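The following exercises concern the structure shown below.

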Amino acid sequence: MTVNRRRFLKLSATAAAMTAFGGLGCQHTAPAVDRATMLKPEWTKQTTTICCYCAVGCGLIVNTSLKTKKAVNVEGDPDHPVNEGSLCAKGASIYQLAENERRPEGPLYRAPFSKEFKQVSWKWALEQIAHRVKKSRDETFAVKNDKGQTVNRTEGIASLGSAALDNEECWAFQTMLRSLGLVYIEHQARI
Amino acid sequence: MNGKSFFVDLTKCTACRGCQVACKQWKKLPAEETVNTGTHQNPPDLSYNTIRLVRFKEEVVDKKIRWNFFPEQCRHCVDPPCVGYSEVEGSMIHDPDTGAVVYTELTKQENYEDILSSCPYNIPRVDPETGVISKCDMCIDRLRIGLRPACVTSCPTGTMNFGDREEMMDLAEKALATVQKKFPEAELVDPYETRVIYLTAYPAQEYYEYLMADAAQTPRKGLTRKQLFAKLGGAAARMRS
């Protein structure tokens, strides 16, 4: 490419104008895409929550569309004492916990010895879970241990997760598990 | 008022990539399908959909490893060469209040090669389907409602700072004085030419070849402001021919 004199002059002239007037020569001010409008109360409802991913417990602000009832923006809460608005890469992507086309659209079931998952209805899945929990719990429930001490527990069921629950949901969940007599209760958030 | 600026203290960056993801979250830019290239740097380069990227570089100096992190973005030059190269009215906006350089959809009418070659930092990327050129816009929509850019809000370590230019210059010089006690080679990268002022612990070339404008050929020390301006102009002129 040879030296383009017209462009060269144009460049120099623009640079000189910018320096002299500090950019006042520009007439256009509208941003190309204004995403900030969606944060206004006319369009979205603002709620706070706690990040579910690890034990730090960063505060989040969620903006939910009044029209579609879906989250449109999730970011760190600058007023939260734990993170003061900051988030790690995982926390910053938390919007996709709900809004992600790769999420399964319903419960998946793999029958014993089957190689494939198939989609099932929530009604069927929840009934299956309830029946199996009841069966395992009744079969393995122990009132006393070997030493004759009262324990009222089941060692036949363990709970792992869920990574997508926040603090308050976890509390309700573990309360239900302990009322069944579970002792093996684990959660990913201790990492 | 001299507009806004970023101050990026690379001595504090842990390369968590919170900023990279926060940027995508705010702008709802899609992920890219990539392969493992043997580094945590992912995607491997900036693109139309990745306008902010944390670069990772390993250097072995005196048998000790230096793992340098560089969160890359548009520098929003004080006198942006790309705007000077623009041939389409309204395709590039140099916002008078903030100093942000904002590209619009009209950039699809520009000659991408010219725009890219005008950039001393190798930033603009083109959408191969639409021809629209894309880069960081300083989250100018957020600024207008009083929020900081998404990357700055999300930074957990204090690497990313944003505010009035005078305030950031002041912060940068104070941070430099502190950091120099531990890292004698520390320097501020192109502070008078750009609105994104990086503080490096080691020479800029040890981070990325385009961290400093034309870093390959620019002697780093003892340059006056005027000489640096001349270097910037020189870089543009060389690319033109």
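Contact means heavy atoms within 4.5 Å. The model is predicted, so that local features need pLDDT of at least 70 and side-chain atom pairs count only at pLDDT 80 or more, whereas totals for chains, interfaces and linings use all residues. Residues are numbered from 1 along each chain as its sequence is written, chains are lettered from A and ligands numbered from 1 in the order in which they are written, and side-chain values use heavy atoms, with hydrogens and water left out.

**Exercise 1.** Determine whether Lys27(B) is buried or exposed, and list its contacts beyond four places in sequence.

Solution. Step one: Lys27(B) is placed in helix 1 of chain B; helices (H or I, at least four residues) and strands (E, at least two) are DSSP runs, numbered from the N terminus. Step two: Lys27(B) counts as buried because its relative accessibility is 17%, the term meaning under 20% relative accessible area, with exposed over 50% and partly exposed in between (1.4 Å probe, protein chains only). Step three: with neighbours within four places in sequence left aside, Lys27(B) touches Arg35(A), Ile51(B), Asp137(B) and Cys139(B).

**Exercise 2.** Describe the open sheet of three strands in chain A and the helices that lie across its strands.

Solution. Step one: the strand order is 6-7-8, with mixed pairing; two strands pair if DSSP finds at least two bridges between them. Step two: strand 6 (141–144) and strand 8 (182–186) of chain A are the edges, each pairing on one side only. Neighbouring strands of this sheet are turned by 30° against each other on average, direction ignored. Step three: four bridges join strand 7 (residues 150–160) of chain A to strand 8 of chain A in the parallel sense, and Thr154(A) stands opposite Leu182(A) of strand 8. Step four: helix 3 (residues 122–140) of chain A lies across strand 6 and strand 7, at about 145° to strand 7. Helix 4 (residues 167–180) of chain A lies across strand 6, strand 7 and strand 8, at about 155° to strand 8. For these angles, axes are lines fitted to C-alpha atoms, for helices over the stretch in contact, and values run from 0 to 180 degrees between N-to-C directions.

**Exercise 3.** Characterise the hairpin of strand 2 and strand 3 of chain B.

Solution. Step one: strand 2 (residues 53–61) and strand 3 (residues 64–72) of chain B run antiparallel and are joined by nine bridges. Step two: Glu59(B) has Arg66(B), in strand 3, as its bridge partner. Step three: two residues lie between the strands, and Asp62(B) takes a positive phi near 55°.

**Exercise 4.** Which residues lie nearest the centre of the largest pocket, and which elements give two or more residues to its lining?

Solution. Step one: on a 1 Å grid over the protein atoms alone, a pocket is an open set of points with protein on both sides within 12 Å along at least five of seven lines, a cavity is a set where a 1.4 Å probe fits but cannot get out, and lining residues have an atom within 4 Å of a point. Step two: of the 23 lining residues, Gln96(A), Leu29(B), Pro30(B), Ala31(B) and Glu32(B) lie nearest the centre of the largest pocket. Step three: the contributing elements are helix 2 (89–92) of chain A and helix 1 (18–27) of chain B. Helix 1 of chain B gives the largest share, four residues.
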